[in-house]
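Subject: Structure handover

Hi,

My notes on what turned up follow below.

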Amino acid sequence: MPDSRKSKASKSAKPDPNPPEVQTFLKSLGEVLLDITALEVSTIVVDEITPHKFIPRQTYQELYPLCADFLKDAGIHSSLVDRYLQLHRTLLLRYIALLAEPQSLLYNPQLVDAVQESYQLLSNPGNEAKEIPLQLPDPSDAREADQLETLLSTASFLRCLRKLSEIKATLDQRNFHLQKHPDSKDADHLLDIIYARTVVQLDGDVMNSYNQKLFQNPQQQAILQVHQAGVAAAQYHWQGLLEFIIYLAQRAFPKKIRK
């Protein structure tokens, strides 16, 4: 005789409204939202535009060895050394954060103490990154290949890596100019001037900043027109991106849940 209680229980079972694939999507969606809550447009006039393509693994291999000894051997100008070192520290901090994040594929509860110690040491600029207990996966070590592969497939780490790649490209260009002008003691005079910057917040706040040198530039009106056109184009695409994300979020939830 069949057990009526068992069949009754099976009928009352309801499907999970948030299956794993939906949870993964929502997590990714949340990470994207963190990056698009504000729109920032800067207008810079440069002498030349160097081609730069973001290749995650290549960028990682370029940032991984950055330390005082490496930069000295590479002939990096002394005024830029701290900025290069900060690239590696930022990348290491992002990696350590993933080790401590329960939702991360890199989460390791056995490293809690090492994570706390590493954070404390990294908070002191005087400590070199190579002295930190936790280190980035070595791209030349086959034993760490799986860890590195997982790291390079993590969306939040890739966004961090992309931003650092852009900063490094700028530093490389400044270092190149300083090598051509060895008498220069500082790189500040070689910095590309940001003439105008506009920040638009999701709540509607808009902040415009203008460099005083803009009003001394004979091309003032042309620079302002270029900046305004850039802001208008960025806002158009930003709005479209927000609408697309809202559409995806609505599709991810059943109608009953949204109600």
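Take contacts between residues at least 6 apart in sequence: 69% of them join residues at least 24 apart. Bear in mind that this is a predicted model. Buried residues account for 31% of the protein's 259 residues.

The inventory is 10 helices and three strands.

Strands

β1 covers residues 38-45 and β2 covers residues 193-201. The two pair in the antiparallel sense, over eight bridges. Within that pairing, valine 45 sits opposite isoleucine 193 in β2.

β2 also pairs with β3. These two run antiparallel as well, joined by five bridges. Alanine 196 has tyrosine 210 in β3 as its bridge partner. Together β2 and β3 make a hairpin, with four residues between them. Look at glycine 204 in the turn: its phi is positive, at about 105°.

Serine 209

This residue belongs to strand β3, residues 206-210. Is serine 209 buried, partly exposed or exposed? Its relative accessibility is 33%, so serine 209 counts as partly exposed; the partly exposed class lies between the buried limit of 20% and the exposed limit of 50%.

Which residues does serine 209 touch, leaving aside neighbours within four places in sequence? The contacts are Tyr195, Ala196 and Arg197. Threonine 198 is 11 residues away from serine 209 in sequence, and their C-alpha atoms are 6.3 Å apart.

One general point for reading the strands: in a regular strand, side chains alternate between the two faces of the sheet.

Helix pair α5 and α6

A packed pair of helices is described by the angle between the axes and the distance between the axes. Helix α5 spans residues 81-99, and helix α6 spans residues 112-122. Their packing angle is about 155°, and the axes lie 10 Å apart. Angles over 145 degrees count as roughly antiparallel, so α5 is roughly antiparallel to α6. The crossing of α5 past α6 is left-handed.

On the α5 side, the contact involves Arg89, Leu92, Leu93, Ile96, Ala97 and Leu99. On the α6 side, the residues are Val115, Ser118, Tyr119, Leu121 and Leu122. By type, this contact of α5 with α6 divides into nine nonpolar residues, one polar and one charged.

Best wishes

Terms used:
Residues are numbered from 1 along each chain as its sequence is written. This is a predicted model: local features need pLDDT of at least 70, side-chain atom pairs count only at pLDDT 80 or more; totals for chains, interfaces and linings use all residues. Side-chain values use heavy atoms; hydrogens and water are left out. Buried means under 20% relative accessible area, exposed over 50%, partly exposed in between (1.4 Å probe, protein chains only). Contact means heavy atoms within 4.5 Å. Axes are lines fitted to C-alpha atoms, for helices over the stretch in contact, and angles run from 0 to 180 degrees between N-to-C directions. Angles under 35 degrees count as roughly parallel, over 145 as roughly antiparallel, 65 to 115 as roughly perpendicular and the rest as oblique. A crossing is left-handed if the near helix is turned anticlockwise from the far one by less than a right angle, and right-handed if clockwise. Ala, Val, Leu, Ile, Met, Phe, Trp, Tyr, Cys and Pro count as nonpolar, Asp, Glu, Lys and Arg as charged, and the others, Gly among them, as polar. Two strands pair if DSSP finds at least two bridges between them.
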